[in-house]
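Dear colleague,

Please find the structure below, followed by a short account of what was found in it.

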Amino acid sequence: MDKQSSRAAAFRTIGFVGLGTMGRRIAARLLSAGYEVHGYNRTPERATELVAQGLVLHDRPRDAAVRADVLFTMVADTEALLAVAHGSVGILAGLRPDAVWVDMSTVDLAQSRQLAERVAALGATLLDAPVSGSVPEAETGTLAMFVGGDDDAYERALPVLTQIASSITHVGGIGDGLALKIAMNISLAVQALALGEGVLLAESSGIEPSRAMDAMLATGVSSPMLRARIPLSGDRAEEPWFTVEQMQNDLRLALELGRDLEVPLPTTALTNEIFSAARAQGRRGEDVIAVVDVLAQLAGRDRGAT
C-alpha cells in the first residue's frame with residue numbers, strides 16, 4: 001500500500017457540520033466514496049436525503065465531531081462557525097486528539113486563527129479551506145480549494161480533500177486560504193455588478209435582455225462565473241447557488257481586511273453598497289445574479305418578478 005493509500009485508509013470516518021446547499025452535496029460525494037459520515041445541521045430536515053444514503057445524523061455538533069478522523073464545517077459566516085464550535089454541545093467539546101478539522105466556511109481571519117489555537121490545545125489541527133465554485137462543482141467534485149495551515153495535517157487530509165476538489169492549493173499558514181478566497185471573491189461580486197449594469201444599459205436601449213446576454217457570453221467579457229449565472233437571471237433556481245447575503249458577507253470581510261492592511265478597495269466598497277440595496281429590497285436570500293434586477297429597480301425600470 002502506497003503512502004497516500006495508507007493515509008486514506010486511516011481516515012475513514014468523517015464528521016460534517018453544515019449540510020446546506022453546498023455542504024450536503026459535498027457530504028453526498030464523501031458517502032459515495034465509501035466514507036462513514038456523521039453529520040449535524042441546524043435544520044435537520046435538509047439532511048433527509050443524506051440519511052437515506054447512509055449519513056448518520058446527530059442532534060449536536062459535538063456528537064459528529066467525537067466520531068470523526070476528519071471533521072468538515074461549512075457554515076454561513078463567522079457567527080455560525082463560533083456557534084457550532086463552542087459550548088458543551090459544540091465541536092471543541094468533542095474533537096478528538098489528532099483529528100484534522102477542515103473549515104470550508106468563509107469567515108473572519110482573526111477568529112479562524114484564534115479557533116486554530118483552541119484546536120491545537122486539544123491536540124488536533126484546524127485547516128482553513130474555503131472553496132470556489134457552486135452547486136455543479138460541488139456535485140461533481142470539481143471545486144477549487146485554498147488551504148491554510150499545518151503541512152502534515154494537510155498531507156494527512158489530502159486523500160479526502162481530493163474527493164471534493166479537483167484543484168487544491170496549499171497557500172500557506174492558517175488563515176492564508178481564507179485571505180486568498182476573500183480576495184478572489186471581490187472579482188465575482190464586481191463581475192455580477194458589471195453584468196447588471198451592462199444588461200440594464202442594453203435593455204434600456206431597446207435590446208432584448210436574453211439577446212444581450214447571449215451576445216456577452218460569446219465575447220471576451222465572458223467568464224465561468226458569468227456563463228453559470230446568466231441563465232439564472234431569467235430562470236432562477238429554486239435553491240440559490242450563492243446568495244446576496246453570502247456575497248455581502250465576503251465583501252464585508254474583504255473591506256475589514258483591507259482596512260487592517262491599509263489596502264484601498266474602492267470597487268469593493270461601491271459593490272457592497274449595491275448589495276446593501278439588494279438586501280433593502282428584500283433580496284438577501286436570492287442568488288447574486290439578482291443585482292441585475294436591483295439596478296433596474298434603482299433606475300425605475302422594475303423588470304418584474306423572475
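**Salt bridges**

Glu286 is partly exposed, with 26% relative accessible area (buried means under 20%, exposed over 50%, partly exposed in between, with a 1.4 Å probe and protein chains only). The model is a predicted one, in which local features need pLDDT of at least 70 and side-chain atom pairs count only at pLDDT 80 or more, while totals for chains, interfaces and linings use all residues. Residues are numbered from 1 along each chain as its sequence is written, and side-chain values use heavy atoms, with hydrogens and water left out.

Glu286 meets Arg283 in a salt bridge (3.2 Å, N to O); the term denotes a side-chain nitrogen of Lys or Arg within 4 Å of a carboxyl oxygen of Asp or Glu. Arg283 is buried, at 10% relative accessible area. Salt bridges that share partners also join Arg60, Arg62 and Asp63 into one network. Within it, the side chains of Arg62 and Asp63 pair at 3.7 Å, N to O; Arg62 is partly exposed at 27%, whereas Asp63 is buried at 14%.

A further salt bridge links Arg284 with Glu245, their closest N and O atoms being 3.3 Å apart. Arg284 lies in the loop between H13 and helix H14 (291–298) and Glu245 in helix H12 (residues 244–261), so this pair ties together parts that are 39 residues apart in sequence. Helices (H or I, at least four residues) and strands (E, at least two) are DSSP runs, numbered from the N terminus. In the whole structure, the search finds ten salt bridges.

**Thr106**

Thr106 is found in the loop between strand S5 (100–103) and helix H6 (109–121), and is buried at 8% relative accessible area. Its side chain makes a polar contact with that of Lys181 at 3.1 Å (a pair of N or O atoms within 3.5 Å; within protein, one must be able to donate a hydrogen and the other to accept it, and residues adjacent in sequence count only if both atoms are side-chain atoms).

With kind regards
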